[in-house]
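Please have the sequence and the structure open while I talk.

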Amino acid sequence: MITPANEAELSDALRSANGPVSIRGGGTRGVKTDGMPLSVSAMSGITLYEPGALTLVAQAGTPVMEVEEALAKEGQRLAFEPMDHRTLLGTKGTPTLGGIVAGNVSGPRRIQGGAARDYTLGVRLVDGAGTIIKNGGRVMKNVTGYDLVKLMTGAYGTLGVLTEVALKVLPVPETQATLMLRALSDADAVRAMAVAMSSPYEVSGAAHCARISKDGPVTLLRLEGFEDSVNYRLAALRTLLKDHVKDMHVADGEASAWMWESVRDASLMSQDIGDIWRVACKASDAAVLADKSGAEAWYFDWAGGLIWFRTRPGFDLRNALGPFDGHATLVRATKISGQAPLPRFHPEAAGVARLSAGLRARFDPKGILNPGLMGPVAPERV
């Protein structure tokens, strides 16, 4: 395994590489490709933290836990609520900040506050030719030229190996509470969540059928902020939704936090046998897609814009769903003897595929960075 201690060593390693390189962060997501493993775990540590400026800069191999502990001491947090995949996938290791940014890993709060890429102010990386690149800065107004920050966030290391990231952070709210709506169908839940999200009451999480209760389906609406404000908005939401549901209850404090951690990490499905899929779609399509999926279980996040499915091993969910406005990612797959594995990522449309291939050719001219992970391997470049 290649374990560079710094950016210069990483640059030398990629410049001299003549075959595929499989980039590893904390090893928690089970994403592996053919090639020599390359870990950035030795490139770790917070290099700048300015609580007053809501800015943190850290090397890519820095454990997320280390970042969260530093932020907690100042009453701050990573607002995009990154998922921890270990419970769902049964993996070990430690989630790293670079891995979070490389995967654009974002939790339930995305529907209100945005994704990881919306909080990433700047990056440093080494491309497939060994060139060290810096883009962005430490404040929102300091992004000039090509916005490589957005491009690298979610590229899964196929365009370059992140070495350092700068993030915007936010204060931890005083309190949170969750309004629980019971016994709604998938379609009724999507409608209720749409009403809540379009209201002025700043709902920071909307999920459905998360199997929190044994009493049947439950729809969760989270509110965060100052205690008086949360209580006022809870009462207003109850009034707003009274024509949609009669059975409503409130969970607050630790109970609310536990619910949303379970939704965030998909731990609700962690003990079940089968394949796990993550489907991003139009929220208004969620109930229809769930109905036609042929899946064994599912729940909605992002007010229906994200669906977690559990299917039987080897089941092709993409084929079952057919064409739809969105994409399906195979997060956990069961190996079946004699059956070719399904691709992790959704096949790209022809135009997008050409654009992606052009970007990979530009940033990874030798075709060595996680080849085949997000697109076909280009034989002539290997």
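Predicted model: local features only at pLDDT ≥ 70, side-chain atom pairs only at ≥ 80, totals over all residues.

Helix H2, residues 64–73, lies across S3 and S4 and runs at about 25° to S3, where helices (H or I, at least four residues) and strands (E, at least two) are DSSP runs, numbered from the N terminus, and where axes are lines fitted to C-alpha atoms, for helices over the stretch in contact, with angles running from 0 to 180 degrees between N-to-C directions. Residues are numbered from 1 along each chain as its sequence is written, and side-chain values use heavy atoms, with hydrogens and water left out.

Which residues of H2 are buried? They are Val64, Val67 and Leu71, buried meaning under 20% relative accessible area, exposed over 50%, and partly exposed in between, with a 1.4 Å probe and protein chains only. Seen down the axis of H2, these buried residues fall within an arc of 65°, so they line one face of the helix; the arc is that of the directions from the helix axis to the C-beta atoms. They pack against S3, S4, strand S5 (76–77) and helix H4 (97–102), contact meaning heavy atoms within 4.5 Å. On the other side of H2, Met65, Ala72 and Lys73 are exposed, and just after the helix Gly75 takes a positive phi of about 70°.

Let me turn to the sheet. S3 and S4 belong to an open sheet of 5 strands in the order S3-S4-S8-S6-S7, with antiparallel pairing, two strands being paired if DSSP finds at least two bridges between them. S3 and strand S7 (132–136) stand at the edges, each with a single partner strand, so one side of each is left without a neighbour in the sheet. Between S3 and S4 there are 4 bridges, and Leu48 stands opposite Val57 in S4.

Finally, two loop residues. Leu54, in the loop between strand S3 (46–50) and strand S4 (55–59), has a phi near 55°, a positive value in a residue other than glycine, and is partly exposed at 24% relative accessible area. Trp302, in the loop between strand S15 (297–301) and strand S16 (306–311), has a positive phi near 50°, but is buried, with a relative accessible area of 10%.
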